[in-house]
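Please consider each question before turning to its answer.

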Amino acid sequence: MVESRLARVLLRIASGGVLAFLYLPLVVVVIYAFNTSRIQAWPPAGFTLHWFGEAANNPQVIGALVNSLLAASLATVLALVLGTLAAMAVHRYSFFGRQTISFLLVLPIALPGVVTGVALQTTFITFGIDFGLMTIVVGHATFCVVIIYNNVIARLRRLPSSPEEASADLGGDMWTTFRRVTGPRLGTALMSGALLSFALSFDEIIVTLFTAGPGTQTIPLFIFASLQQPRELPVVNVVAFVLILASIVPVWLATRLSGAETAGARL
Amino acid sequence: MTTATTPPDPPRRPSFVRRLSIWLFPRRRLQVGLLLSTPLGWLTIVYLGSLFILLLNAFWEKDTFTGNVEPFNWTLRAFELLINGEAYRTVALRTIAMAALVTVTCAVLAFPIAYYMARIASPRVRNAMVVAVLMPLWAAYLVKVYAWRTIIQGNGLLEWVLNPFGIDGPSLRAISNSWLVLSYLWLPYMILPLYAGLERIPKSLLEASADLGGKARTTFRRVILPLSFPSLVAGSIFTFSLTLGDYITPDLVSDAKFIGNVIYDNSSLGNLPLAAAYSLLPITIMIVYLAVARRLGAFDSL
């Protein structure tokens with residue numbers, strides 16, 4: 001070991017401090033979800049489960065949840081198709097402009113979300129497209145493609161192409177080869193990509209504020225609107241609590257799929 | 001033997017997919033074209049097309065009475081407004097400075113923990129720490145901003161901690177809140193690539209540096225820092241770009257206007273050509289940033 005004892009102790013303390021910083025706000029929100037008072041003052045006034053019932057029976061919350069799940073699923077399916085096709089093309093063939101395609105795919109997440117949002121909104125208005133769930137899906141799919149693409153191409157680079165060639169030699173056509181050889185080998189890469197893409201879409205607000213119509217609400221839009229109305233905040237606390245719990249699921253799944261090492265590597 | 005009596009299967013015509021596969025096999029260019037047409041078509045039409053329409057709007061006249069944009073009525077008025085408006089320059093500088101500050105803050109906070117994870121922690125602890133850093137990353141963005149709002153606001157946790165020392169808590173208007181919350185939000189995006197980069201440095205290099213008489217500080221400055229720099233730049237793409245485009249956090253935890261706020265406020269109700277022209281600024285900054293990051297080798301570290 002190169003590090004001195006003192007350095008190691010200091011690094012340990014600093015790491016603990018950063019982890020505490022990362023979890024502090026999450027813990028505070030979780031505690032407020034059980035607060036008896038409508039007002040978010042510290043320390044909390046008392047313990048209650050009342051707001052959970054209120055949130056579960058709130059039609060706005062239910063509607064927003066349904067919309068969020070729908071939008072995230074549709075955007076992920078679109079991104080899966082587009083991202084896998086692009087990754088297969090870029091990986092398997094060398095052609096002019098290959099670099100440009102990778103760059104073009106990264107652009108929607110590399111450029112600030114506000115730009116994507118205002119560009120899509122302007123276009124929808126220009127062509128008279130009605131705002132609603134579909135416009136949300138279009139926006140989300142656009143920046144989810146690169147997530148799938150990154151996951152699939154990373155996997156393809158690690159795999160030899162001989163099984164595909166063997167499949168073709170044995171008389172498998174394109175579709176059979178994809179369904180029985182390439183597809184299964186991409187399995188976990190597609191799943192972790194889909195997971196990340198779903199989560200990104202479910203959480204997205206910066207672009208969504210531009211592409212959602214006045215009548216369509218998603219969970220982030222619901223939280224954002226409720227922050228202006230202090231009466232709604234106890235319900236927001238409960239939604240926040242559930243969302244924090246829910247974020248354990250993708251982390252757990254991702255570590256099972258590919259090991260903790262790579263779970264966050266393919267952002 | 002009964003099998004001899006069964007008549008042989010009539011020769012079947014190969015299926016359509018099979019014939020297509022055979023026909024396509026030597027035509028590699030066409031294969032690429034077919035694979036790429038859908039994703040490229042989508043990105044070109046939906047994304048680049050939208051950006052192009054936004055660009056056009058920046059040069060179009062806005063009707064002063066109806067507020068509607070008049071297509072193909074070319075003007076540079078939006079750019080004149082931006083260049084002459086002192087407020088727009090202040091907002092731009094404020095946003096860029098904040099993006100830089102948040103990036104530096106994240107780098108400083110991320111380095112010790114990433115280093116600990118990569119080089120000191122046992123494999124068990126390391127995996128647990130990766131999960132521990134990932135969890136807050138996956139937690140919803142608005143939940144995190146809202147959580148900080150409840151901590152910072154009057155009668156919140158921060159005031160409760162500070163008041164016994166006779167210090168007033170910050171109000172929800174202070175711009176320093178944005179700095180704190182944005183650094184918090186993007187910190188995991190810096191920790192993870194940095195951790196991956198530090199882990200890739202072979203241990204033998206550090207030992208070699210020590211053998212050659214390098215003190216810990218020298219080894220850090222001349223070996224670790226240069227070798228982990230590409231991953232630092234990779235992480236900074238996230239912290240910088242995400243700060244540059246955020247308009248929700250500055251709005252919720254402070255009353256400072258960022259580039260994104262001006263674009264958002266003008267996009268639907270105000271002056272669309274102005275919003276369009278202003279959004280060229282973050283686009284240009286990020287394209288330059290990405291080009292520089294690419295040259296520094298950041299894309300190999302993503």
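Q: What distance separates the end C-alpha atoms of helix 8 (residues 175-200) of chain B?
A: In this predicted model, helix 8 of chain B has 26 residues. At 1.5 Å a residue, the helix should span 38 Å. The model agrees with this expectation, for the end C-alpha atoms are separated by 38 Å.

Q: At which residue does helix 8 of chain B bend, and which proline follows within four residues?
A: The bend amounts to about 40° and is located at Trp186(B). The proline that follows within four residues is Pro188(B).

Q: How many residues of helix 8 of chain B are buried?
A: A residue counts as buried if 20 or more other C-beta atoms lie within 10 Å of its own. Helix 8 of chain B is mostly covered by this criterion. Of its 26 residues, the number buried is 22.

Q: Is Asn155(B) buried, exposed or partly exposed?
A: Asn155(B) is placed in the loop between helix 6 (141-152) and helix 7 (157-162) of chain B. Although not a glycine, Asn155(B) has a positive phi of about 65°. Most residues other than glycine have a negative phi. Because 14 other C-beta atoms lie within 10 Å, Asn155(B) is classed as partly exposed.

Q: Which two residues of chain A are joined by a cis peptide bond?
A: Most peptide bonds are trans. The bond in question has an omega of about -5°. The cis peptide bond joins Trp42(A) and Pro43(A).

Q: Why does Leu74(A) count as partly exposed?
A: Leu74(A) belongs to helix 3 (residues 59-92) of chain A. Burial would require 20 or more other C-beta atoms within 10 Å, whereas exposure would require 12 or fewer. Leu74(A) is therefore partly exposed, since its C-beta neighbours inside 10 Å number 18.

Q: Which helix supplies the largest share of the side of chain A that touches chain B?
A: In total, 77 residues of chain A are in contact with 82 residues of chain B. The largest share of this side of chain A is 16 residues, and it comes from helix 1 (residues 5-32) of chain A.

Conventions: Residues numbered from 1 in each chain as written. Chains lettered and ligands numbered in written order. Predicted model: local features only at pLDDT ≥ 70, side-chain atom pairs only at ≥ 80, totals over all residues. Contact = placed C-beta atoms within 7 Å. Helix = DSSP H or I, 4+ residues; strand = E, 2+ residues; numbered from the N terminus. Expected span 1.5 Å × (residues − 1). Bend = angle between axes of the 7 residues up to and from the residue.
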